[in-house]
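Morning, everyone. Please have a look at the model on the screen, and I'll walk you through a few spots.

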Amino acid sequence: MKPYVICHMLGSVDGKIKQDIWGFKDHHKYFEEPAAKIKADAWLVGRVTMQEFSSKKIPAKKSVSSRIPKVDFVAKQPAKKFAVVIDPSGKCYWDTNMVSTEHVIEVLTEKVSSAYLAHLQEKNVSYIFGGKAELDLKLVLEKLNKLFGIKTVRIDGGGHVNGSFLKAGLIDEFSLVLAPVADGTIGALTVFEAEKGYGKRKATIFTLKSVKKIYDDFLWIRYVVAKGKKL
C-alpha cells in the first residue's frame, strides 16, 4: 500500500526555488509554517537538502570484518514521526538518529558499502533499500508504509526529488506557497526537475483544492492530481 504523497514547496511566480536574491529576512517561516499545518507522518527530502541537518563531519572509515547483508534495517526507536532522505549512494553521515522530533530513515541502493551500513547501525539510523543501482520510488513508498506505518508523506524537495516522484506518477497533492517575486535566473532549479526535453511523458494535471492569501502578499495554493483528466 502506497502512502498518500503531498509535495510542498516555496516557489517564485516563475517557478523557481528560493534563492538569496529574493532578499527574504526569514524565508524558513514562509515554507515551514504552512508545512506544519499539513498532517503527515513523515517528511522526505533529497540528500543535498538533508545535509543541512546531518553531521558536518565525515567519520574516519572503519574496517568491517564481514559484509553486511543488503536488507532493510528498522531501528528501535520511540518516535512516531519520520524524516526520510533519498540518499542512493549513502553520503549523509549522522551524529544522532533524529532530526528535531523525527526519526531518520535513509533510502539507499544496494551499491552502498558495508562500512556505511555499519555507521548507520551504530547511530541507530533506520534504512531501507529501494533497488540495486537505481531507486524504485513506488517500492520505497510501499516499504515506508509497511515497515513504519507511514500513511502520509510530505515531500519537501528539492527540485530533482520532486521531479522524480512527479515523473513516476506518485504525487497525490501539491501544496505551493507562491512568493511575490520573479526570480528570472536562467538555469536556476525549478519546483519540479523531472527530465530534459519532453520524451513520452505527459504533463501532470491538477485540480484546485484551496487557495489562501497569507503573509500579506503570498498565496498558499493546494492542488490535487487529476488522474486521467485531460484539458
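Start at the surface. L208, V211 and L219 form a nonpolar patch there, with about 260 Å² of accessible area together. A patch takes residues with over 30% relative accessible area and no salt bridge, joining nonpolar side chains (Val, Leu, Ile, Met, Phe, Trp, Tyr) within 5 Å and like charges within 9 Å. A salt bridge is a Lys or Arg side-chain nitrogen within 4 Å of an Asp or Glu carboxyl oxygen. Areas are Shrake-Rupley values with a 1.4 Å probe, and for residues only the protein chains shown count as cover.

A word on the source: this is a predicted model, where local features need pLDDT of at least 70, side-chain atom pairs count only at pLDDT 80 or more, and totals for chains, interfaces and linings use all residues. Numbering runs from 1 along each chain as its sequence is written, and side-chain values use heavy atoms, without hydrogens and water.

L208 lies in strand β9, residues 206-214. Strands (E, at least two residues) and helices (H or I, at least four) are DSSP runs, numbered from the N terminus. Is L208 buried or exposed? Exposed, at 55% relative accessible area. The cut-offs: buried is under 20%, exposed over 50%, partly exposed in between.

Now N162, in helix α5, residues 159-167. N162 counts as buried because its relative accessibility is 0%. Its side chain reaches the backbone nitrogen of G157 at 3.3 Å. Beyond four places in sequence, N162 has contacts (heavy atoms within 4.5 Å) that include C7, M9 and F192.

Conventions
Buried < 20%, exposed > 50% of the residue type's maximum accessible area, 1.4 Å probe, protein only. Polar contact = N/O pair within 3.5 Å; in protein donor to acceptor, adjacent residues only side chain to side chain.
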